[in-house]
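Subject: Structure handover

Hello,

Please find the structure below, with the sequence alongside. My notes on what was found follow after it.

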Amino acid sequence: MRVRRPLAVTAALVMGVGGLAACAGGDDGGSNDEGGPVTLTVWHNSTTGPGKQYWEDATAAFTEDHPDVDFEIQSIQNEDMDGKLQTAANSGDMPDVFMARGGQKLADIVASGNVKDLTGSLSDEAKESMGAALSAFVVDGKNYAVPTAVLPGGMFYSQDLFDEAGVASTPTTFTELEAANDQLKDAGIEPIALGAKAAWPAAHWFYFFALRECSQETIENLSTSPDFSDECWLRAGQDLEDFAATEPFHEGFLTTDPQEGAGSSAGLIANHKAAMELMGGWDVGVIASLTPDEKPLPDLGWFPFPEVEGGEGDPTAMMGGVDGFACSNDSPSACEEFLNFIATKDQQEKYAEAYQTIPASTEAQGAVADPALEPIMEAYNNAAYVSTWMDTVLGQNVGNALNTAVVELLAGNGDAASIVATMETAAGRG
């Protein structure tokens, strides 16, 4: 696990900002593999800007060589995706092209018979350029999605605000982070933005504390045999409880959206209203879309989640995800062709530019131009191992319960023990 190729991903690593497909597997638009016209519906989560335009351009480019394929494209808010996909699966009205989050979430949908096995349909280019990133979407030895981007998490920060507060270097331990927070407060700057209204951004703090407190074996066992009896889980909750007591988050964080508008947590960073945010690699593009000129934030920097002194976790370990897209089991064969198309070097470069992210294709990484992404790639390449977002690997029921328990703690209605108890109870019901 400690020998890593550039941007290779462990089999558990999955998450992203991708899209779901809206409806149409069976008769509407037609699954006509005899050569007749078909309609593929694409449901993605980029509601504005270059990310939204990418899907318009990619589908138009695909139809130039596939004139019998039409597309229906709909933008869906990221936080709504899991629920909409679950509803589609339950109703038997699955989308043609949809986002695969991996982990137990993907395994659950695969088990329901709603996802097409892509193992024999992947192009040679996709298999060669994606490498280990493809393993993020393997269930029982079969591949069910094509990755589009690698999205490790960590601390995004404003260098200008650090300079204004006299923070000379990025924190490497929590002692240093708390000292930086004090300097920022003394300068009248909110230290850390947090969009806790959506729950999962708040839960990121517990995930990373657990990554630092727990051993690699404990973290990796979550995907096969989750066990929360190890004291590292309680220590992670206590770390969060103690850190929250220092009041590091901006005023009103419990009702703040993570990504929508200037008042969101990403918007606070984009407009220099807060100094830091813990988020996944997609934050570069989200922040850029919320600056006054809708361009990348010139002083945006990044550093890894700090070391928890005395923890069992390797301080270089990372957590994050991979954007990926899958086909419904009833989709026409044009779906697989389209996924192979967006896996090409040219499309991967366009995707990386539009989303301001790290492409899954190693051949397309030259398109990464934003300097804020460079330290992420370096840390990723040097990581002891990389794990998926915890709520993803645990699945929707346990993951959602965990996320809610973390918000309860931050709101003063829970503690470290209640987080562990919530996970145990939810896992027992699973």
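Glu178, Asp182, Asp186 and Asp242 form a negative surface patch. A patch takes residues with over 30% relative accessible area and no salt bridge, joining like charges within 9 Å and nonpolar side chains (Val, Leu, Ile, Met, Phe, Trp, Tyr) within 5 Å. Asp and Glu count as negative and Lys and Arg as positive, while His and the chain ends are not counted. Each charge is placed at NZ of Lys, CZ of Arg, CG of Asp or CD of Glu. Accessible areas come from the Shrake-Rupley method with a 1.4 Å probe, and for residues only the protein chains shown count as cover.

This is a predicted model, in which local features need pLDDT of at least 70 and side-chain atom pairs count only at pLDDT 80 or more, while totals for chains, interfaces and linings use all residues. Residues are numbered from 1 along each chain as its sequence is written, and side-chain values use heavy atoms, with hydrogens and water left out.

The main contributor to the negative patch is helix H6 (residues 174–186), with three residues. Helices (H or I, at least four residues) and strands (E, at least two) are DSSP runs numbered from the N terminus. Asp182 is in helix H6 and is partly exposed, because its relative accessibility is 44%; buried means under 20% relative accessible area, exposed over 50%, and partly exposed in between (1.4 Å probe, protein chains only).

Salt bridges

How many salt bridges does a search of the whole structure find? The search finds six, a salt bridge being a side-chain nitrogen of Lys or Arg within 4 Å of a carboxyl oxygen of Asp or Glu. One of them joins the side chains of Asp124 and Lys127 (3.8 Å, N to O). These two are separated by about one helical turn, because they are three residues apart in helix H4 (residues 124–130). Asp124 is exposed at 52% relative accessible area, whereas Lys127 is partly exposed at 41%.

Glu213 and Arg235 also meet in a salt bridge (3.1 Å, N to O). Glu213 lies in helix H7 and Arg235 in helix H9 (residues 231–244), so this pair ties together parts that are 22 residues apart in sequence. Glu213 is buried, with a relative accessible area of 5%, and Arg235 is partly exposed at 28%.

Arg235 also forms a salt bridge with Glu312 (3.0 Å, N to O). This pair links distant parts of the chain, 77 residues apart: Glu312 is in the loop between strand S10 (300–303) and strand S11 (318–327), and Arg235 in helix H9. Through shared partners, salt bridges join Glu213, Arg235 and Glu312 into one network.

Aromatic pairs

There are 29 aromatic pairs, counting rings of Phe, Tyr and Trp (its six-membered ring) whose centres lie within 6.5 Å; planes under 30 degrees apart are stacked, over 60 edge-to-face and the rest tilted. Trp205 and Phe209 form a tilted pair, 6.5 Å centre to centre with 45° between the planes. Both lie in helix H7 (residues 200–213), four residues apart, and both are buried.

Backbone

His272 has a positive phi near 55° and sits in the loop between helix H10 (265–270) and strand S9 (274–280). Gln356 has a positive phi near 50°, and its place is the loop between helix H13 (345–355) and strand S12 (358–359). His272 is partly exposed at 30% relative accessible area, whereas Gln356 is buried at 17%.

Regards
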